[in-house]
Amino acid sequence: MKIANFNGVGGGTILYTAHYPRMHPSDFRVKTLDGVADDWPIDYWTLEPYFAENDRVTGVAGLAGDPAYPPHQPTMPPVPLGKTGTVYAQATNKLGWHWWPSDIAVATTEYDGRGKCINLGHCTPGCAQGAKASVDITYWPRAIRNRVELRTRCRVREIATNEQGMASGVVYYDANGVERFQPAEMVILAANGVGTPRLLLNSASSRFPAGFANSSGLVGKNLMLHPWPMVFGYVDEEIDGDRAPQTVMWSKEFYETDLSRGFVRGYTLQFSRGTGPVNEAITSMAAGRLPWGRDHHRVFRSLHYHRLLIGVACEDLPEEHNRVTLDPVLKDGHGIPAPKIDYTISENTRRMMEHGIARASDILEAAGAKNICCSRTLLNYPGHLLGTARMGFDPERSVVNEWGRSHDVKNSLSLTAASGSPQAG
Ligand SMILES: Cc1cc2nc3c(=O)[nH]c(=O)nc-3n(C[C@H](O)[C@H](O)[C@H](O)COP(=O)(O)OP(=O)(O)OC[C@H]3O[C@@H](n4cnc5c(N)ncnc54)[C@H](O)[C@@H]3O)c2cc1C
Ligand code: SF4
């Protein structure tokens, strides 16, 4: 697995698929329930009003009443299941397993000045219609109206400290590569699960020799990446391929722990429409399904608009050996040490992946799919960079407190997914 993120205004949401599941109450209590990882210092119900507010600002389509999901009220009607969703639903019904239309951050009605989805195609590389909610068109315009100043093409090198050991501002390079200092009363870091520890570690000083806010030694540790096998196959009937938002529905049948499966915690099955023509051609050529020559067009037509694709969104547990450190050699264009990633898929996660691949294959078989294949890990996907600044009550066992505030430096906050068990996405 390789790290994927997007550097720009809006961050990873520019490039995301806009699938919008919340965490479940159990995700906050894995130590208590399953004896692994940690409990969060907050629970689902503390966060619930903020999930709801974020859904309102973002605009989330979905259907209330999912029996396997915390109660909530999506802001818009769900994305229609379409032909692909109907095939999945019928197959999953045959097996008697849970499914429900997904929460998706795509406008299905006009919303907050944004146009509604007109099924242009796949949403991941960006939505020309503005129906996919990315942070550049949701939060940023509001922030700018409230007089937040946005400085683009800037790169922060380090957080500076004053004599009292408080954060005093940041040192950064502006768009012309000129070094600047921005004084601050408070510093808030939201540079994702790789960029945040990179910056904290690069802000080491005589006062904080192991890195800023790192008296626990946990900055950069417990990196989680959500391994995400993709299982796909081809049905005879023509379905809607890339002619609507990619994600259709989810199954939470295997989300919660059932020890008879041989692992703790679980996964979401994420049902997707097929891929676009170029991706179908490239991946099928590489896999040997699509020949050159006389049969090329005939075979291509049997593949494109016939693909079913199920993602297995696996929980990953926090393990200290999975970590971000500073690379001793590599540097970026400003001479700032690059992040170095050490990551190994754990035995628990590997078993979960194999279980999910088998269940997704069962659904594809029940749908009558042929040529069922699986990519166990995908290059540059899923781009979920989690952990690395653990949240907790104990300053010796965590980096930030229950408010995301550094235990060591009271005027700095980290807004990176932290602690035990983030299953969102
Ligand atoms: C292909 C893809 C598909 C995805 N699909 C989904 C999905 O369907 N659903 C879902 O929930 N999630 C999805 N994700 C994940 C989701 O996009 C991320 O989890 C989310 O955007 C992370 O938000 P963040 O604010 O923590 O970090 P980011 O969005 O990564 O933002 C961090 C920002 O900080 C900037 N930064 C970092 N370091 C510095 C520095 N030193 N100086 C200045 N700026 C800096 C970065 O350039 C970036 O703009 C997907 C991700 C990818 C890549
Ligand atoms: S299907 Fe097209 S219009 Fe709809 S959200 Fe995706 S990219 Fe935008």
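Which backbone nitrogen lies 2.8 Å from a polar atom of the side chain of N322?

Reply: This is a predicted model, in which local features need pLDDT of at least 70 and side-chain atom pairs count only at pLDDT 80 or more, while totals for chains, interfaces and linings use all residues. Residues are numbered from 1 along each chain as its sequence is written, and side-chain values use heavy atoms, with hydrogens and water left out.

The backbone nitrogen in question belongs to T344, and 2.8 Å separates this nitrogen from a polar atom of the N322 side chain. As for its place in the chain, N322 sits in the loop that runs between β9 (307–314) and β10 (323–331), where strands are DSSP runs of E with at least two residues, numbered from the N terminus. N322 counts as buried because its relative accessible area is 1%, and buried means under 20%, exposed over 50% and partly exposed in between, computed with a 1.4 Å probe and protein chains only.

The side chain of N322 also takes part in a polar contact of 3.3 Å with the side chain of H321; such a contact is a pair of N or O atoms within 3.5 Å, and within protein one must be able to donate a hydrogen and the other to accept it, while residues adjacent in sequence count only if both atoms are side-chain atoms.

For contrast in another loop, L150 lies between α4 (139–145) and β2 (155–161), and L150 counts as partly exposed because its relative accessibility is 32%. Elsewhere, ligand 1 has a nitrogen atom 2.8 Å from a polar backbone atom of H19, and an oxygen atom of ligand 1 lies 2.9 Å from a polar side-chain atom of N192.

Methods. Chains lettered and ligands numbered in written order. Helix = DSSP H or I, 4+ residues; strand = E, 2+ residues; numbered from the N terminus.
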